[in-house]
Amino acid sequence: MKTPTFNEFMALDRESIEPLYQVLQEVELTEGSLDSWMEGWSDLRKLVDERYAKLALATELDTTDEEAEKKYHGFLENIYPAAQAADQKLKEKLLASELVPTGMDLILKKMRTEADLFCEENLPLMTEESKLGTQYSKILGAQTIDWEGEELTLTQTKSKLQTPDRDERKQLWELMSQSQLDDRDDINQLWAKFMDIRAELASNAGYPDYRSFRWQQRLRLDYTPEDSKKFVEAIKQVAAPAATRVYEKYKSRLNIDKVRPWDLLNNQTTFSLPPIKAFDTEEEFISRVGNILNKLDPVLGGYYQTMRDNQLFDLLNRKGKGPGGFCTSFATVGLPFIFMNAAGRSADLRVLFHESGHAFHVFERINLPYHHQWRPGLEFAEVASTAMELLAEPFLAEDMGGFMSTENAARTRLLNLEEKLLFWPYMAVVVAFQHWVYENHEEGKNPASCDAKWSALVDEYMPGIDWEGYEDIKMTGWHRKLHIHQVPFYYIEYGLASLGAFQIMQNALQDQAKAIKDYRHALALGGTVTLPELYRASGANLSFDAQTLGEVVDLIEENLADLETKLA
Ligand SMILES: [Zn+2]
(Lines give C-alpha, C1' and ligand atoms only; values in the text may rest on other atoms or scores of the structure.)
Protein backbone atom coordinates (compact mmCIF):
# COMPACT_ATOMS: atom_id res chain seq x y z
CA MET A 1 0.00 0.00 0.00
CA LYS A 2 1.32 3.40 -0.95
CA THR A 3 1.81 5.89 1.91
CA PRO A 4 -0.65 8.76 1.45
CA THR A 5 0.60 12.33 1.10
CA PHE A 6 -0.11 14.61 4.02
CA ASN A 7 -3.04 16.26 2.26
CA GLU A 8 -4.54 12.89 1.43
CA PHE A 9 -4.04 11.76 5.01
CA MET A 10 -5.77 14.88 6.40
CA ALA A 11 -8.95 13.75 4.67
CA LEU A 12 -8.91 10.14 5.90
CA ASP A 13 -11.33 8.97 8.59
CA ARG A 14 -10.61 6.28 11.15
CA GLU A 15 -11.80 3.43 8.98
CA SER A 16 -9.48 4.45 6.14
CA ILE A 17 -6.50 4.87 8.47
CA GLU A 18 -6.83 1.43 10.03
CA PRO A 19 -5.58 -0.48 6.94
CA LEU A 20 -2.39 1.60 6.96
CA TYR A 21 -1.56 0.09 10.35
CA GLN A 22 -2.92 -3.29 9.36
CA VAL A 23 -0.45 -3.59 6.49
CA LEU A 24 2.45 -2.99 8.87
CA GLN A 25 0.98 -5.37 11.41
CA GLU A 26 0.90 -8.14 8.83
CA VAL A 27 4.47 -7.84 7.58
CA GLU A 28 6.70 -10.67 8.67
CA LEU A 29 9.55 -9.04 10.53
CA THR A 30 12.99 -10.32 9.58
CA GLU A 31 16.46 -8.82 9.31
CA GLY A 32 15.66 -8.28 5.65
CA SER A 33 12.28 -6.58 6.03
CA LEU A 34 13.13 -4.56 9.15
CA ASP A 35 14.44 -1.33 7.61
CA SER A 36 11.63 -0.78 5.15
CA TRP A 37 9.07 -1.74 7.78
CA MET A 38 10.55 0.82 10.15
CA GLU A 39 10.45 3.47 7.40
CA GLY A 40 6.80 2.74 6.71
CA TRP A 41 5.94 2.95 10.38
CA SER A 42 7.96 6.13 10.80
CA ASP A 43 6.18 7.77 7.84
CA LEU A 44 2.82 6.88 9.32
CA ARG A 45 3.79 8.34 12.68
CA LYS A 46 4.84 11.55 10.96
CA LEU A 47 1.46 11.81 9.27
CA VAL A 48 -0.40 11.39 12.57
CA ASP A 49 1.98 13.74 14.37
CA GLU A 50 1.54 16.48 11.78
CA ARG A 51 -2.22 16.08 11.60
CA TYR A 52 -2.36 16.49 15.37
CA ALA A 53 -0.05 19.51 15.29
CA LYS A 54 -1.90 21.29 12.48
CA LEU A 55 -5.37 20.74 13.95
CA ALA A 56 -4.26 21.81 17.43
CA LEU A 57 -2.48 24.86 16.08
CA ALA A 58 -5.54 26.00 14.13
CA THR A 59 -7.56 26.15 17.36
CA GLU A 60 -4.85 28.21 19.06
CA LEU A 61 -4.51 30.66 16.19
CA ASP A 62 -8.22 31.41 16.40
CA THR A 63 -10.03 30.15 19.49
CA THR A 64 -13.33 31.39 18.04
CA ASP A 65 -13.04 29.20 14.93
CA GLU A 66 -15.72 26.61 15.65
CA GLU A 67 -14.95 24.58 12.53
CA ALA A 68 -11.31 24.23 13.61
CA GLU A 69 -12.37 23.18 17.09
CA LYS A 70 -14.78 20.61 15.72
CA LYS A 71 -12.10 19.09 13.52
CA TYR A 72 -9.58 19.00 16.35
CA HIS A 73 -11.98 17.41 18.82
CA GLY A 74 -13.15 14.93 16.20
CA PHE A 75 -9.54 13.91 15.69
CA LEU A 76 -8.91 13.62 19.43
CA GLU A 77 -12.02 11.56 19.99
CA ASN A 78 -12.11 9.32 16.94
CA ILE A 79 -8.78 9.07 15.24
CA TYR A 80 -6.02 9.70 17.75
CA PRO A 81 -6.90 7.03 20.35
CA ALA A 82 -7.24 4.40 17.60
CA ALA A 83 -3.94 5.48 16.06
CA GLN A 84 -2.26 5.31 19.48
CA ALA A 85 -3.63 1.83 20.12
CA ALA A 86 -2.48 0.63 16.69
CA ASP A 87 0.92 2.22 17.26
CA GLN A 88 1.17 0.37 20.56
CA LYS A 89 0.51 -2.92 18.75
CA LEU A 90 3.38 -2.17 16.37
CA LYS A 91 5.66 -1.50 19.34
CA GLU A 92 4.68 -4.86 20.76
CA LYS A 93 5.35 -6.50 17.43
CA LEU A 94 8.82 -4.99 17.24
CA LEU A 95 9.63 -5.97 20.84
CA ALA A 96 8.42 -9.51 20.24
CA SER A 97 10.63 -9.82 17.15
CA GLU A 98 13.71 -9.14 19.30
CA LEU A 99 15.18 -7.30 16.34
CA VAL A 100 16.93 -3.98 16.98
CA PRO A 101 16.82 -1.45 14.14
CA THR A 102 19.96 0.69 13.84
CA GLY A 103 20.01 3.59 16.29
CA MET A 104 16.99 2.32 18.15
CA ASP A 105 18.58 0.68 21.23
CA LEU A 106 17.55 3.33 23.70
CA ILE A 107 14.13 3.79 22.12
CA LEU A 108 13.51 0.05 22.46
CA LYS A 109 14.59 0.17 26.07
CA LYS A 110 11.96 2.85 26.68
CA MET A 111 9.33 0.86 24.82
CA ARG A 112 10.12 -2.13 27.01
CA THR A 113 9.81 0.00 30.14
CA GLU A 114 6.39 1.17 29.00
CA ALA A 115 5.32 -2.35 28.16
CA ASP A 116 6.39 -3.57 31.60
CA LEU A 117 4.32 -0.85 33.25
CA PHE A 118 1.22 -1.72 31.30
CA CYS A 119 -1.54 -3.20 33.37
CA GLU A 120 -5.13 -3.65 32.25
CA GLU A 121 -6.67 -2.74 35.63
CA ASN A 122 -4.98 0.64 35.48
CA LEU A 123 -6.75 1.81 32.33
CA PRO A 124 -9.99 2.92 34.06
CA LEU A 125 -7.94 4.44 36.89
CA MET A 126 -5.94 6.49 34.44
CA THR A 127 -9.13 7.77 32.85
CA GLU A 128 -10.36 8.64 36.34
CA GLU A 129 -7.10 10.43 37.09
CA SER A 130 -7.30 12.50 33.96
CA LYS A 131 -10.90 13.42 34.80
CA LEU A 132 -9.74 14.67 38.17
CA GLY A 133 -7.16 16.68 36.28
CA THR A 134 -9.90 18.22 34.17
CA GLN A 135 -11.86 19.10 37.31
CA TYR A 136 -8.78 20.77 38.72
CA SER A 137 -8.41 22.84 35.53
CA LYS A 138 -12.07 23.78 35.66
CA ILE A 139 -11.81 25.04 39.22
CA LEU A 140 -8.77 27.13 38.41
CA GLY A 141 -10.15 28.33 35.10
CA ALA A 142 -13.31 29.66 36.75
CA GLN A 143 -11.45 31.85 39.24
CA THR A 144 -12.03 35.56 38.71
CA ILE A 145 -11.72 38.86 40.54
CA ASP A 146 -13.78 42.04 40.43
CA TRP A 147 -11.60 44.94 39.46
CA GLU A 148 -12.95 48.44 38.90
CA GLY A 149 -16.38 47.06 38.06
CA GLU A 150 -14.99 44.50 35.66
CA GLU A 151 -14.69 40.74 36.07
CA LEU A 152 -11.15 39.61 35.31
CA THR A 153 -9.88 36.06 34.84
CA LEU A 154 -6.71 35.29 36.76
CA THR A 155 -4.75 35.33 33.51
CA GLN A 156 -5.94 38.90 32.97
CA THR A 157 -5.20 39.68 36.61
CA LYS A 158 -1.65 38.38 36.29
CA SER A 159 -1.03 40.62 33.35
CA LYS A 160 -2.32 43.61 35.38
CA LEU A 161 0.02 42.55 38.17
CA GLN A 162 2.91 43.76 36.04
CA THR A 163 2.07 47.31 37.01
CA PRO A 164 4.93 49.30 38.57
CA ASP A 165 2.37 50.70 41.09
CA ARG A 166 3.10 48.66 44.21
CA ASP A 167 -0.17 49.46 46.03
CA GLU A 168 -2.15 48.41 43.03
CA ARG A 169 -0.14 45.19 42.84
CA LYS A 170 -0.90 44.46 46.46
CA GLN A 171 -4.64 44.95 45.94
CA LEU A 172 -4.68 42.80 42.83
CA TRP A 173 -2.65 40.10 44.51
CA GLU A 174 -4.97 40.05 47.54
CA LEU A 175 -8.05 39.73 45.34
CA MET A 176 -6.44 37.01 43.26
CA SER A 177 -5.33 35.08 46.34
CA GLN A 178 -8.76 35.35 47.92
CA SER A 179 -10.35 33.99 44.78
CA GLN A 180 -7.92 31.04 44.96
CA LEU A 181 -8.59 30.48 48.65
CA ASP A 182 -12.32 30.33 47.98
CA ASP A 183 -11.70 26.99 46.24
CA ARG A 184 -9.58 25.58 49.05
CA ASP A 185 -12.02 22.85 50.11
CA ASP A 186 -12.72 21.72 46.57
CA ILE A 187 -9.04 21.32 45.76
CA ASN A 188 -8.40 19.54 49.04
CA GLN A 189 -11.11 17.03 48.19
CA LEU A 190 -9.71 16.44 44.73
CA TRP A 191 -6.27 15.97 46.20
CA ALA A 192 -7.28 13.08 48.44
CA LYS A 193 -8.80 11.35 45.40
CA PHE A 194 -5.64 11.91 43.34
CA MET A 195 -3.57 10.37 46.12
CA ASP A 196 -5.70 7.24 46.42
CA ILE A 197 -5.82 6.65 42.70
CA ARG A 198 -2.07 7.05 42.43
CA ALA A 199 -1.39 4.58 45.23
CA GLU A 200 -3.65 2.12 43.47
CA LEU A 201 -1.97 2.64 40.08
CA ALA A 202 1.37 1.78 41.63
CA SER A 203 0.20 -1.27 43.50
CA ASN A 204 -1.70 -2.67 40.49
CA ALA A 205 1.48 -2.42 38.42
CA GLY A 206 3.44 -4.15 41.17
CA TYR A 207 5.38 -1.17 42.51
CA PRO A 208 5.94 -0.53 46.23
CA ASP A 209 4.93 3.14 45.98
CA TYR A 210 3.69 5.73 43.51
CA ARG A 211 7.05 7.45 43.14
CA SER A 212 8.86 4.36 41.89
CA PHE A 213 5.99 3.70 39.47
CA ARG A 214 5.90 7.29 38.27
CA TRP A 215 9.66 7.39 37.79
CA GLN A 216 9.38 4.56 35.26
CA GLN A 217 6.27 6.06 33.72
CA ARG A 218 8.17 9.28 33.03
CA LEU A 219 10.94 7.12 31.55
CA ARG A 220 13.54 8.50 33.91
CA LEU A 221 16.10 5.83 33.21
CA ASP A 222 19.15 8.01 33.83
CA TYR A 223 18.60 9.35 37.33
CA THR A 224 16.97 8.23 40.55
CA PRO A 225 14.75 9.78 43.22
CA GLU A 226 17.92 10.02 45.31
CA ASP A 227 19.62 12.08 42.58
CA SER A 228 16.59 14.33 42.53
CA LYS A 229 16.84 14.83 46.30
CA LYS A 230 20.54 15.52 45.97
CA PHE A 231 19.79 18.29 43.47
CA VAL A 232 17.19 19.76 45.83
CA GLU A 233 19.79 19.76 48.61
CA ALA A 234 22.35 21.40 46.32
CA ILE A 235 19.84 24.13 45.58
CA LYS A 236 19.36 24.75 49.28
CA GLN A 237 23.09 25.04 49.79
CA VAL A 238 24.07 27.30 46.90
CA ALA A 239 21.06 28.70 45.02
CA ALA A 240 18.84 29.65 47.96
CA PRO A 241 21.44 31.99 49.52
CA ALA A 242 22.04 33.59 46.11
CA ALA A 243 18.28 34.03 45.69
CA THR A 244 18.14 35.79 49.04
CA ARG A 245 20.84 38.16 47.78
CA VAL A 246 18.61 38.95 44.81
CA TYR A 247 15.74 39.75 47.19
CA GLU A 248 18.08 42.16 48.97
CA LYS A 249 18.55 43.95 45.66
CA TYR A 250 14.80 44.15 45.21
CA LYS A 251 14.63 45.96 48.52
CA SER A 252 17.06 48.62 47.46
CA ARG A 253 15.50 48.99 43.99
CA LEU A 254 12.03 49.37 45.46
CA ASN A 255 13.23 51.23 48.52
CA ILE A 256 11.39 48.88 50.87
CA ASP A 257 12.48 46.95 53.95
CA LYS A 258 10.52 43.76 53.34
CA VAL A 259 9.97 41.78 50.15
CA ARG A 260 6.31 40.84 49.97
CA PRO A 261 4.68 38.19 47.76
CA TRP A 262 3.23 40.79 45.40
CA ASP A 263 6.76 41.95 44.57
CA LEU A 264 7.66 38.57 43.14
CA LEU A 265 5.25 37.83 40.36
CA ASN A 266 7.26 39.59 37.72
CA ASN A 267 10.73 40.87 38.48
CA GLN A 268 10.29 43.59 35.87
CA THR A 269 8.18 45.40 38.49
CA THR A 270 11.12 45.63 40.90
CA PHE A 271 12.49 48.43 38.75
CA SER A 272 9.38 50.59 39.13
CA LEU A 273 9.82 51.39 35.46
CA PRO A 274 7.57 50.68 32.53
CA PRO A 275 8.52 47.59 30.49
CA ILE A 276 11.18 48.14 27.84
CA LYS A 277 9.80 48.49 24.35
CA ALA A 278 11.59 46.19 21.93
CA PHE A 279 9.71 46.45 18.61
CA ASP A 280 6.55 47.76 16.98
CA THR A 281 5.60 45.30 14.27
CA GLU A 282 5.87 41.56 13.88
CA GLU A 283 8.18 42.06 10.91
CA GLU A 284 10.50 44.19 13.04
CA PHE A 285 10.41 41.59 15.82
CA ILE A 286 11.21 38.72 13.46
CA SER A 287 14.00 40.53 11.68
CA ARG A 288 15.66 41.89 14.84
CA VAL A 289 15.82 38.45 16.38
CA GLY A 290 16.96 37.03 13.03
CA ASN A 291 19.89 39.46 12.88
CA ILE A 292 21.01 38.38 16.31
CA LEU A 293 20.73 34.66 15.54
CA ASN A 294 22.72 35.25 12.37
CA LYS A 295 25.47 36.84 14.37
CA LEU A 296 25.41 33.94 16.77
CA ASP A 297 25.81 31.31 14.09
CA PRO A 298 25.21 31.34 10.32
CA VAL A 299 23.70 27.84 10.26
CA LEU A 300 21.21 28.64 13.00
CA GLY A 301 20.55 31.96 11.29
CA GLY A 302 19.88 29.98 8.11
CA TYR A 303 17.32 27.77 9.84
CA TYR A 304 15.57 30.85 11.10
CA GLN A 305 15.60 32.32 7.59
CA THR A 306 13.94 29.13 6.29
CA MET A 307 11.19 29.73 8.83
CA ARG A 308 10.81 33.30 7.60
CA ASP A 309 10.68 32.17 3.98
CA ASN A 310 7.95 29.66 4.83
CA GLN A 311 6.03 32.00 7.16
CA LEU A 312 6.35 29.73 10.15
CA PHE A 313 5.66 32.40 12.76
CA ASP A 314 2.54 33.85 14.36
CA LEU A 315 3.90 36.06 17.08
CA LEU A 316 1.72 39.01 18.02
CA ASN A 317 -1.05 38.93 20.56
CA ARG A 318 -4.53 39.52 19.19
CA LYS A 319 -8.08 39.01 20.36
CA GLY A 320 -9.27 35.44 19.99
CA LYS A 321 -5.81 33.92 19.96
CA GLY A 322 -4.92 31.18 22.47
CA PRO A 323 -2.57 32.00 25.36
CA GLY A 324 1.16 31.47 25.83
CA GLY A 325 4.00 30.68 23.49
CA PHE A 326 5.24 27.41 22.05
CA CYS A 327 7.03 25.77 19.18
CA THR A 328 5.21 23.02 17.33
CA SER A 329 6.38 21.17 14.23
CA PHE A 330 5.15 19.64 11.01
CA ALA A 331 6.68 16.21 10.97
CA THR A 332 6.32 15.20 7.31
CA VAL A 333 8.21 18.26 6.11
CA GLY A 334 10.41 18.56 9.20
CA LEU A 335 9.64 22.24 9.81
CA PRO A 336 8.87 24.02 13.08
CA PHE A 337 6.26 26.70 13.73
CA ILE A 338 6.47 29.31 16.51
CA PHE A 339 3.35 30.64 18.21
CA MET A 340 3.49 33.55 20.65
CA ASN A 341 1.51 36.36 22.22
CA ALA A 342 4.06 39.12 21.92
CA ALA A 343 3.20 42.68 22.85
CA GLY A 344 6.38 44.50 21.84
CA ARG A 345 8.18 44.13 25.15
CA SER A 346 11.72 43.05 25.86
CA ALA A 347 10.46 39.94 27.67
CA ASP A 348 9.07 38.78 24.30
CA LEU A 349 12.61 38.57 22.94
CA ARG A 350 13.50 35.91 25.46
CA VAL A 351 10.44 33.86 24.51
CA LEU A 352 11.33 34.00 20.82
CA PHE A 353 14.95 33.02 21.50
CA HIS A 354 13.65 30.18 23.65
CA GLU A 355 11.21 28.89 21.06
CA SER A 356 13.85 29.29 18.35
CA GLY A 357 16.01 26.89 20.36
CA HIS A 358 13.19 24.35 20.16
CA ALA A 359 12.86 25.09 16.44
CA PHE A 360 16.58 24.44 15.90
CA HIS A 361 16.09 21.05 17.49
CA VAL A 362 13.52 20.26 14.78
CA PHE A 363 16.01 21.24 12.06
CA GLU A 364 18.97 19.42 13.55
CA ARG A 365 17.27 16.09 14.27
CA ILE A 366 15.82 15.78 10.78
CA ASN A 367 18.58 13.48 9.54
CA LEU A 368 17.69 10.72 11.98
CA PRO A 369 16.04 7.99 9.93
CA TYR A 370 13.01 7.32 12.15
CA HIS A 371 10.38 9.53 13.77
CA HIS A 372 10.77 7.38 16.89
CA GLN A 373 14.27 8.78 17.38
CA TRP A 374 13.39 12.45 17.42
CA ARG A 375 12.45 13.27 20.97
CA PRO A 376 14.90 13.46 23.81
CA GLY A 377 13.53 13.77 27.36
CA LEU A 378 12.38 17.22 28.42
CA GLU A 379 15.48 17.34 30.58
CA PHE A 380 17.38 17.92 27.37
CA ALA A 381 14.71 19.48 25.11
CA GLU A 382 14.66 22.45 27.47
CA VAL A 383 18.45 22.71 27.34
CA ALA A 384 18.14 23.39 23.61
CA SER A 385 15.69 26.24 24.19
CA THR A 386 17.06 27.73 27.40
CA ALA A 387 20.64 27.75 26.11
CA MET A 388 19.46 29.73 23.09
CA GLU A 389 18.13 32.49 25.37
CA LEU A 390 21.42 32.64 27.23
CA LEU A 391 23.55 32.55 24.08
CA ALA A 392 21.57 35.14 22.14
CA GLU A 393 20.86 37.77 24.79
CA PRO A 394 24.39 39.18 24.98
CA PHE A 395 23.91 40.31 21.36
CA LEU A 396 20.93 42.54 22.15
CA ALA A 397 23.06 45.59 22.91
CA GLU A 398 24.03 48.08 20.21
CA ASP A 399 27.70 47.70 20.99
CA MET A 400 27.35 43.98 20.25
CA GLY A 401 25.61 44.67 16.96
CA GLY A 402 22.08 44.51 18.40
CA PHE A 403 19.37 47.14 18.47
CA MET A 404 18.95 48.03 22.17
CA SER A 405 20.73 50.65 24.20
CA THR A 406 23.40 49.21 26.49
CA GLU A 407 21.24 50.02 29.46
CA ASN A 408 18.04 48.42 28.17
CA ALA A 409 19.93 45.37 26.97
CA ALA A 410 21.53 45.03 30.40
CA ARG A 411 18.17 45.27 32.16
CA THR A 412 16.63 42.70 29.81
CA ARG A 413 19.47 40.28 30.42
CA LEU A 414 19.56 40.89 34.16
CA LEU A 415 15.84 40.20 34.54
CA ASN A 416 16.21 36.86 32.80
CA LEU A 417 19.25 35.78 34.82
CA GLU A 418 17.58 36.75 38.09
CA GLU A 419 14.45 34.88 37.18
CA LYS A 420 16.40 31.75 36.33
CA LEU A 421 18.30 31.94 39.59
CA LEU A 422 15.09 32.39 41.60
CA PHE A 423 13.46 29.47 39.84
CA TRP A 424 15.69 26.83 41.46
CA PRO A 425 14.59 27.37 45.08
CA TYR A 426 10.94 27.34 44.03
CA MET A 427 11.53 24.20 42.00
CA ALA A 428 13.17 22.65 45.06
CA VAL A 429 10.02 23.31 47.11
CA VAL A 430 7.81 21.72 44.45
CA VAL A 431 10.06 18.67 44.13
CA ALA A 432 10.73 18.21 47.88
CA PHE A 433 7.00 18.52 48.60
CA GLN A 434 6.20 15.69 46.21
CA HIS A 435 8.90 13.42 47.61
CA TRP A 436 7.40 13.95 51.05
CA VAL A 437 3.81 13.45 49.87
CA TYR A 438 4.46 10.11 48.21
CA GLU A 439 6.78 8.88 50.94
CA ASN A 440 4.06 9.51 53.53
CA HIS A 441 0.81 8.50 51.91
CA GLU A 442 -1.58 9.06 54.84
CA GLU A 443 -0.13 12.41 55.85
CA GLY A 444 0.33 13.27 52.22
CA LYS A 445 -3.38 13.03 51.53
CA ASN A 446 -4.24 15.11 54.57
CA PRO A 447 -4.56 18.75 53.41
CA ALA A 448 -3.65 20.22 56.81
CA SER A 449 -0.38 18.26 56.83
CA CYS A 450 0.29 19.30 53.25
CA ASP A 451 -0.24 22.95 54.18
CA ALA A 452 2.17 22.67 57.08
CA LYS A 453 4.77 20.89 54.98
CA TRP A 454 4.57 23.37 52.11
CA SER A 455 4.87 26.28 54.48
CA ALA A 456 7.93 24.76 56.17
CA LEU A 457 9.56 24.10 52.79
CA VAL A 458 9.01 27.70 51.70
CA ASP A 459 10.75 28.88 54.86
CA GLU A 460 13.57 26.44 54.28
CA TYR A 461 14.25 27.05 50.58
CA MET A 462 12.88 30.52 49.95
CA PRO A 463 13.74 32.57 53.00
CA GLY A 464 13.68 36.31 52.61
CA ILE A 465 10.04 36.71 51.58
CA ASP A 466 7.76 38.20 54.19
CA TRP A 467 4.38 36.45 54.24
CA GLU A 468 3.12 37.99 57.48
CA GLY A 469 -0.65 38.30 57.55
CA TYR A 470 -1.02 35.97 54.55
CA GLU A 471 -0.24 32.62 56.13
CA ASP A 472 -3.19 30.84 54.55
CA ILE A 473 -2.09 31.94 51.12
CA LYS A 474 1.47 30.90 51.80
CA MET A 475 0.60 27.39 53.02
CA THR A 476 -1.75 26.66 50.12
CA GLY A 477 0.92 27.35 47.52
CA TRP A 478 0.77 23.67 46.53
CA HIS A 479 -2.82 24.19 45.39
CA ARG A 480 -1.64 26.62 42.77
CA LYS A 481 1.10 24.47 41.28
CA LEU A 482 -0.63 22.68 38.43
CA HIS A 483 2.14 20.09 38.00
CA ILE A 484 1.65 18.69 41.51
CA HIS A 485 -1.95 17.88 40.66
CA GLN A 486 -1.87 17.06 36.97
CA VAL A 487 1.66 15.92 36.11
CA PRO A 488 3.24 14.61 39.31
CA PHE A 489 7.01 14.80 39.63
CA TYR A 490 7.27 16.70 36.38
CA TYR A 491 9.21 19.83 37.31
CA ILE A 492 12.82 19.00 38.06
CA GLU A 493 13.29 18.79 34.27
CA TYR A 494 13.29 22.59 34.07
CA GLY A 495 15.82 22.97 36.85
CA LEU A 496 18.19 20.42 35.35
CA ALA A 497 17.84 21.89 31.87
CA SER A 498 18.57 25.36 33.17
CA LEU A 499 21.75 24.09 34.79
CA GLY A 500 22.79 22.47 31.50
CA ALA A 501 22.01 25.64 29.55
CA PHE A 502 24.19 27.75 31.84
CA GLN A 503 27.04 25.30 31.37
CA ILE A 504 26.73 25.84 27.61
CA MET A 505 26.74 29.59 28.17
CA GLN A 506 29.91 29.17 30.22
CA ASN A 507 31.48 27.24 27.34
CA ALA A 508 30.51 30.00 24.92
CA LEU A 509 32.39 32.53 27.04
CA GLN A 510 35.53 30.43 26.46
CA ASP A 511 34.95 29.49 22.83
CA GLN A 512 31.75 30.62 21.17
CA ALA A 513 32.19 28.66 17.92
CA LYS A 514 32.93 25.40 19.69
CA ALA A 515 30.06 25.85 22.13
CA ILE A 516 27.58 26.27 19.25
CA LYS A 517 29.09 23.39 17.33
CA ASP A 518 28.66 21.07 20.33
CA TYR A 519 25.17 22.42 20.94
CA ARG A 520 24.14 21.64 17.37
CA HIS A 521 25.76 18.22 17.50
CA ALA A 522 23.79 17.31 20.64
CA LEU A 523 20.52 18.52 19.10
CA ALA A 524 21.17 16.38 16.04
CA LEU A 525 21.25 13.27 18.23
CA GLY A 526 17.52 13.66 18.97
CA GLY A 527 16.59 11.03 21.52
CA THR A 528 18.96 8.31 20.38
CA VAL A 529 21.36 8.49 23.33
CA THR A 530 20.92 8.76 27.10
CA LEU A 531 20.57 12.06 28.94
CA PRO A 532 24.11 12.01 30.35
CA GLU A 533 25.38 11.42 26.79
CA LEU A 534 23.25 14.24 25.39
CA TYR A 535 24.48 16.63 28.05
CA ARG A 536 28.06 15.57 27.43
CA ALA A 537 27.69 16.01 23.68
CA SER A 538 26.41 19.54 24.24
CA GLY A 539 29.42 20.34 26.40
CA ALA A 540 27.43 20.21 29.65
CA ASN A 541 27.21 17.71 32.45
CA LEU A 542 24.05 16.17 33.90
CA SER A 543 24.83 16.60 37.56
CA PHE A 544 22.98 16.98 40.81
CA ASP A 545 25.73 18.09 43.16
CA ALA A 546 26.30 21.39 44.91
CA GLN A 547 29.66 21.94 43.30
CA THR A 548 28.39 21.98 39.70
CA LEU A 549 25.40 24.12 40.61
CA GLY A 550 27.64 26.36 42.73
CA GLU A 551 29.89 27.10 39.75
CA VAL A 552 26.89 28.11 37.68
CA VAL A 553 25.44 30.23 40.48
CA ASP A 554 28.79 32.03 40.71
CA LEU A 555 28.72 32.61 36.98
CA ILE A 556 25.22 34.08 37.23
CA GLU A 557 26.15 36.34 40.13
CA GLU A 558 29.27 37.60 38.32
CA ASN A 559 27.14 38.38 35.28
CA LEU A 560 24.51 40.11 37.41
CA ALA A 561 27.16 42.28 39.05
CA ASP A 562 28.55 43.22 35.65
CA LEU A 563 25.10 44.00 34.24
CA GLU A 564 24.27 46.21 37.23
CA THR A 565 27.17 48.49 36.38
CA LYS A 566 25.47 49.12 33.03
CA LEU A 567 22.16 50.20 34.53
CA ALA A 568 21.61 53.92 34.92
ZN1 LIG B 1 10.57 25.25 26.24
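Modeller: Start with two helices. H3 passes H4 in a left-handed crossing. Keep in mind that this is a predicted model.

Biologist: What makes H3 roughly antiparallel to H4?

Modeller: The angle. Helix H3 (residues 31-61) and helix H4 (residues 66-97) pack at about 155°. Angles over 145 degrees count as roughly antiparallel. So H3 is roughly antiparallel to H4. Their axes are 10 Å apart.

Biologist: Which residues of H3 and H4 meet?

Modeller: On the H3 side, they include Trp41, Arg45, Val48 and Tyr52. On the H4 side, Tyr72, Phe75, Tyr80 and Leu90 are among them. By class, the contact of H3 with H4 has 12 nonpolar, one polar and five charged residues.

Biologist: Let's turn to single residues. How do you know whether Phe360 is buried or exposed?

Modeller: Count neighbours. Phe360 has 26 C-beta neighbours inside 10 Å. The cut-off for buried is 20 or more. Therefore Phe360 counts as buried.

Biologist: Where is Phe360 found, and which residues does Phe360 touch?

Modeller: Phe360 is in helix H14 (residues 346-364). Leaving aside residues up to four places away in sequence, Phe360 touches Leu300, Tyr303, Ala384, Met388 and Leu523. As for Lys295, it lies 65 residues from Phe360 in sequence and 15 Å away in space, C-alpha to C-alpha.

Biologist: Why does Glu98 count as exposed?

Modeller: Glu98 has 8 C-beta neighbours inside 10 Å. Exposed means 12 or fewer. So Glu98 counts as exposed. Glu98 is in the loop between H4 and helix H5 (105-117). Glu98 also has a positive phi of about 60°, although it is not a glycine.

Biologist: What about Asn255: buried or exposed?

Modeller: Asn255 has 8 C-beta neighbours inside 10 Å. Asn255 is in the loop between helix H11 (225-254) and helix H12 (282-296). Its phi is positive, about 55°, although Asn255 is not a glycine.

Biologist: Finally, the chain. How many helices and strands are there?

Modeller: The chain has 24 helices and five strands.

Biologist: How do you know how compact the chain is?

Modeller: Its radius of gyration is 24 Å. The globule rule gives 24 Å for 568 residues. The C-alpha atoms fill a box of roughly 75 × 55 × 50 Å along the principal axes.

Biologist: What share of the residues is buried?

Modeller: Of the 568 residues, 38% count as buried. Contacts tell another part of the story. Among those between residues at least 6 apart in sequence, 73% join residues at least 24 apart.

Key. Residues numbered from 1 in each chain as written. Predicted model: local features only at pLDDT ≥ 70, side-chain atom pairs only at ≥ 80, totals over all residues. Axes fitted to C-alpha atoms, helices over the stretch in contact; angles between N-to-C directions. Helix = DSSP H or I, 4+ residues; strand = E, 2+ residues; numbered from the N terminus. Parallel < 35°, antiparallel > 145°, perpendicular 65-115°, else oblique. Left-handed = near helix turned anticlockwise from the far one by under 90°. Contact = placed C-beta atoms within 7 Å. Nonpolar A, V, L, I, M, F, W, Y, C, P; charged D, E, K, R; others polar. Rg over C-alpha atoms; globule rule 2.2 N^0.38 Å.
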